[in-house]
Every structure is written in structure tokens, then in C-alpha cells.
Amino acid sequence: MVTVDFQYGTLVLAGPETELAPVQSWCSYDERVAGWRAEAMAYGPIILALRAAGVPCEDRAKAFRPLELRLEDTRTARDYQAEALDAWERTLRRGVVVLPTGAGKSLVARLAILRVQRPTLVVVPTLDLVEQWVRQLHAGFGVEVGVLGGGERSVGDLTVATYDSALLTMEFHGNRFGLLVVDECHHLPGPTTQHLARMCIAPFRLGLTATPERDDGAEALLRGLIGPICYRREIDELEGDVL
């Protein structure tokens, strides 16, 4: 039997070495716990690898459950928004959607939340965007929305956080979300900021941005942190169909 625990933004695995063999590529041995430690973001691949190998596993890391959310927003997704969501599904619900400003990326996120039906953390770069996302999620799903940032520290089934607050609290809350949505995700590959994604176990991840490229070329890290660019449309490709 392999056990998987969440500890301070990492995973700790214990069990016979023969049973741990399928997942050791994600792990390094930690003498302090006499066990194997992995980045929290490796949770999904580790659990899937153990299952595929037929290894019994006690998952003590995950602290979330399925939800029963209903989307009260009656707007119909535009064709490109539906295409973006389908493309994200094809990359196993891990990926980056690139759409121009004003193209309704937040609606794509709400539809993704509806599909996944797991507690979700939305990470944004500013407090103004926190307020905007809280309003949209509350109006869209009719539930109270948790906030991490601006002096607030509440976690709900849907939670919005600034990058800084997520980074500071992920070691405590990183196992409470099944979906991680990163708005303006071109900021995520920063040397410090990227650790908020590394300390979160969320197996499903969605990045949103209009401009994934960075001057330092670190956008290449997005594939590991969130997933590949699964859908991209430029403003001139939408032919006036922008919201």
C-alpha cells in the first residue's frame, strides 16, 4: 500500500519501493520524513500512474469533493468560446487559452468550472481583478465566493486570490482545489510566482491570457505549470465576434 499525503505544499509518499517504482521519477527521497517527496502539482500524474500500475493507494492528500454547481448565466457561448473549451478538454483539462482582451475568457473559465465540478481557485494579478472575478462567479453560480487578498482570508468552493496571497497560503490550502484557473497567466512563470502552481495539487488547470509570450522566454514553463497552449485566436481572426 502506498500512502500519499499533502504537507506544506508538497506530497509525501510512503510504501514499499517496488510499489513506488512507477512514480519515483516525480520524487526525491527525504530523510527527514523517511519517505519520498514530490511537488504538489505532480499529484494527478502520480495518482494516475499508481492506478495504471495496479498499486493500492491511500490518497490522503486530496481535501476536495465533487460539487453540484449550476450556471445561472444564461448567455450562450460564442463559437470560439465553445471551441476553446473543447480544445481544453482534448488536452485532458490542462492548458492555456489565448484570446484577445474583451473576448470573454472569464466565460470560458465559468464553463470549465461547470464541466469539472470541483472546488476551484482563480488566481489573478490585482485586487481590482479579484473584485471583478468575485462578482462574475457569484452572479454566474449563485454561491458565496472565498477571497484571499486585500486582508481577506476566506476559502470556499469557489475562491479568488491574488498571485501574492495564493503564494503565501498555498502551503496550507494547496490541496483544497481540483481546478486551478490562472488569469493573465503570462505572469505565472516568474521565479517566485510559479511556486503557487507547484504547491497546488489541482489535477485540472486552465490558463487565460491575451499575450503568453514573455521577454525572458519563460513562457515555455507554462506547459509544465498549467499545460500547453490548447487554443489561440487573435483579434483579427474573430471577425467582429468579440464580446
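## Where H4 meets H5

In this predicted model, Ser-106, Ala-109, Arg-110, Ile-113 and Leu-114 of H4 touch Trp-133, Gln-136, Leu-137 and Phe-141 of H5, where contact means heavy atoms within 4.5 Å. Sorted by class, this contact of H4 with H5 holds six nonpolar, two polar and one charged residues. Here Ala, Val, Leu, Ile, Met, Phe, Trp, Tyr, Cys and Pro count as nonpolar, Asp, Glu, Lys and Arg as charged, and the others, Gly among them, as polar. Helices (H or I, at least four residues) are DSSP runs, numbered from the N terminus.

The axes of H4 and H5 lie 11 Å apart, and the two helices pack at an angle of about 50°. That makes H4 oblique to H5; angles under 35 degrees count as roughly parallel, over 145 as roughly antiparallel, 65 to 115 as roughly perpendicular and the rest as oblique. Axes are lines fitted to C-alpha atoms over the stretch in contact, with angles from 0 to 180 degrees between N-to-C directions. H4 and H5 cross in a right-handed way, meaning that the near helix is turned clockwise from the far one by less than a right angle.

## The other partner of H4: H3

Helix H3 (residues 79-90) also meets H4 (residues 105-116): their axes come within 10 Å and cross at roughly 45°. That makes H3 oblique to H4. The crossing of H3 with H4 is right-handed.

On the H3 side, the contact uses Gln-81, Ala-84, Leu-85, Asp-86, Trp-88 and Glu-89, and H4 answers with Leu-107, Val-108, Leu-111, Ala-112, Arg-115 and Val-116. Eight of the residues in this contact of H3 with H4 are nonpolar, one is polar and three are charged.

## Two pockets to look at

The second largest pocket holds about 280 Å³ of space. A pocket is an open set of points on a 1 Å grid where a 1.4 Å probe fits, with protein on both sides within 12 Å along at least five of seven lines; lining residues have an atom within 4 Å of a point. Its 18 lining residues include Gly-102, Gly-104, Lys-105, Ser-106 and Gln-132, which lie nearest the centre. H4 and H5 (127-141) each give at least two residues to this lining.

The largest pocket has about 420 Å³ of space. Among its 17 lining residues, Tyr-43, Gly-44, Leu-48, Pro-203 and Phe-204 lie nearest its centre. Helix H2 (residues 43-52) provides the largest share of that lining, six residues.

## How to read the values

Residues are numbered from 1 along each chain as its sequence is written, and side-chain values use heavy atoms, without hydrogens and water. Local features need pLDDT of at least 70 and side-chain atom pairs count only at pLDDT 80 or more, while totals for chains, interfaces and linings use all residues.

Notes
Points joined across faces, edges and corners; volume = space filled by probe spheres on them.
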